[in-house]
Amino acid sequence: MVRVAEPVIEVEELARTFHTRRGLFRRPGKEIEAVKGVSFAVERGELFGLLGPNGAGKTTTIKMLITLLLPTGGRARVLGHDVVKDARDVRGKVGYVFGGDRGLYERLSGLDNLRYFAELYGVPPRESKQRVGELLELVGLVGREKERVEGYSRGMRQRLHIARGLLHRPQVLFLDEPSIGIDPVGARELRVTVKNLVESGTTVLLTTHYMFEADELCDRIAVIAQGRIVAQGTPDDLKQQVTTGTVVEIEVFGLPDGVLEKVRAEPDVQSVAVDVQGQAQLLTVHAQPGADVTQAVMAHLEGSRFGRVITRQPTLEDAYIELVNAA
Amino acid sequence: MNSLRLFFVGGLISYRALFGWLSPWILVPTFLFAPLFQIFLFVYIGRTAGVNDDRFFLIGNAVVNAAVPCLFAMGNTIGGERNAGTLPLLIASPAKRVPLFLGRALPVILNGFLVAVFALVVGALLLRVDLPPATWGGIAVAIAACSISCTGLGLLGAAVALRVRETAVMSNIVLGTLIVFAGVNVPVTAMPGWMQGVAQWLPMTHGIHATHDLAAGRSLGSVSGALLTELLLGAFYATLGLTLLRWLEWESRARATLDTA
């Protein structure tokens, strides 16, 4: 018998409309469809990315999945529990970390913040002490844990947020722009932490604006724009969806006349651009998807003096921008 | 076990977390000096008006000051979470709401009790009002009952904070209502009928009345009815508060007002 893995997060046509009102009397109402029927599924142990511009509906989707918002349409299940009917079951098994400075008790120490959230999540007292110690070590706050949070830097607060989200060993972790405001070293450490969590079996749903972060971490990505999912797949799948193929960048010292036209006339070349950089000219050639034009372009430059030659694949950022702009 | 820990440990930590905004520079004048000023004001008004019963004004104004932490700190259990940005985390936690919020009430009750006792003792010493030591125990029980019932009303205020952004204004109005209606400076029996009707449903009314009787030498048993009524009123408001919390929590998820009320 073939066992089919049941998704840990199942989202079907999930929708959320907000009603806003202005003024005091005869308040005119306005409806905003923040999420317009999104569907996706996340397997156990998977790191799933939700990418999209500001206001695309990422945070609203996460808020529905962690039971903070009731959907106005569709349904969602987390670990088999309906996010509306079985909210308490969902809450005990998921963790939630969001970016930014807020969401901590400023007057309490980092240690007391963790102790309190351990109580809220029903972590047994004996386990709580050990767990808090482990997490303080994990996020690098050992030695600073007895200081009040109001004196913490943004990065320290973010690391405390992460420790808080992991206190009760959640099976599913929702990370809503967790690296916002963290310095590059801290962000790298965070990525390592997230990778380790996934390796230990935690399912992670991540939203981020940093494409390299998504590319490095995510098994699969859904791109959401204007409340709808516009593309879904692995980072490589998404890169394949871009209309641009390989990009060749060549630094030339004295570009011969007529070469530009000859390169542009190559059948697999999609576009050519020249950028003057001091004494050199940077020739950027975008190839058709699946084609490699390096040799053909180099043939036209025979006899010229040139510096570095770079051939790169389209990045996730290229794919993201194209997908979002097309939405 | 978890519920008990949430009640005791969680309640104490959250009290430190949320009521901590009152630093000593605000806390001492608010809880220690302001009640004394209030007592002096009404005692001297009473003396000027020829009502020579300092004890009446001392008891009413001292006991009613238990309402300051009971109303404001309880209201802040939700309002403070909203200001700190922790309200969504609290709501998204699986913690049982009854021990969670009742636990938050416990340190507040103690705070209210201590504020009123301090005001009564220091006020009595400064104004040379005689409170026989034999009455101290009974008066302490009555003040505790008032603190409990008032915290029940504060819990109702906390629930309202799920719907409105600011609760301090509401708490001030409620405090003013108690000062006017609960027999603090005017005996309830001297009020018009409708005011007496309102007073019967307010925390403090029965407790302050019982405190007067106890200070006059009556036994604790003889005021047990009034104290029981006081406690039942507290339980009534606390139940109403917890019910409203449950309903408004659902409503805030439906209306998306957890961050934006």
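This is a predicted model: local features need pLDDT of at least 70, side-chain atom pairs count only at pLDDT 80 or more; totals for chains, interfaces and linings use all residues.
Chain A is split into domain 1 (9-233) and domain 2 (247-314). For chain B, we look at spans that UniProt lists as "transmembrane region" in an unreviewed entry, and at how helix 2 and helix 3 of chain B pack.

**Chain A: two domains**
- The centres of domain 1 and domain 2 of chain A, taken over C-alpha atoms, are 44 Å apart.

**Chain A: the six-stranded sheet**
- Six strands of chain A form an open sheet in the order 6-7-8-3-9-10, and their pairing is mixed.
- At the edges sit strand 6 (94-98) and strand 10 (228-233) of chain A, each of which pairs on one side only.
- On average, neighbouring strands in this sheet are turned by 15° against each other, ignoring direction.
- Take strand 7 (residues 172-176) and strand 8 (residues 203-207) of chain A: they run parallel and are joined by five bridges.
- To spot that pairing yourself, find Leu173(A), whose bridge partner in strand 8 of chain A is Val204(A).
- Strands in a sheet pair through backbone hydrogen bonds, and they can do it parallel or antiparallel.

**Chain A: helices lying across strands**
- Helix 5 (residues 154-166) of chain A lies across strand 6 and strand 7 of chain A, running at about 170° to strand 6 of chain A.
- Helix 11 (residues 316-326) of chain A lies across strand 3 (47-51), strand 9 (220-225) and strand 10 of chain A, and runs at about 35° to strand 9 of chain A.

**Chain A: strand 11 and its partners**
- Strand 11 (residues 247-253) of chain A runs antiparallel to strand 13 (residues 280-287) of chain A, with six bridges between them.
- Here Ile250(A) has Leu283(A) in strand 13 of chain A as its bridge partner.
- Strand 11 of chain A also runs antiparallel to strand 14 (residues 305-312) of chain A, again with six bridges.
- Look for Val247(A) opposite Arg312(A) in strand 14 of chain A.

**Chain B: annotated spans**
- The UniProt spans in chain B include residues 56-74 and 173-195.
- Residues 56-74 of chain B are 89% helix and 0% strand, with end C-alpha atoms 28 Å apart.
- Residues 173-195 of chain B are 52% helix and 0% strand, and their end C-alpha atoms lie 16 Å apart.

**Chain B: a helix pair**
- Helix 2 (residues 24-48) and helix 3 (residues 54-64) of chain B pack at about 150°, with axes 9 Å apart.
- That angle is why the two helices of chain B count as roughly antiparallel.
- Helix 2 of chain B passes helix 3 of chain B in a right-handed crossing.
- Residues meeting here include Phe42(B) from helix 2 of chain B and Phe57(B) from helix 3 of chain B.

How values were computed: Residues are numbered from 1 along each chain as its sequence is written. Chains are lettered from A and ligands numbered from 1 in the order in which they are written. Two strands pair if DSSP finds at least two bridges between them. Helices (H or I, at least four residues) and strands (E, at least two) are DSSP runs, numbered from the N terminus. Domain bounds come from an automatic or database domain assignment. UniProt positions are given in the numbering used here, feature names are shortened, and annotations may be inferred rather than shown by experiment. Axes are lines fitted to C-alpha atoms, for helices over the stretch in contact, and angles run from 0 to 180 degrees between N-to-C directions. Angles under 35 degrees count as roughly parallel, over 145 as roughly antiparallel, 65 to 115 as roughly perpendicular and the rest as oblique. A crossing is left-handed if the near helix is turned anticlockwise from the far one by less than a right angle, and right-handed if clockwise. Two residues are in contact if their C-beta atoms, placed from the backbone, lie within 7 Å.
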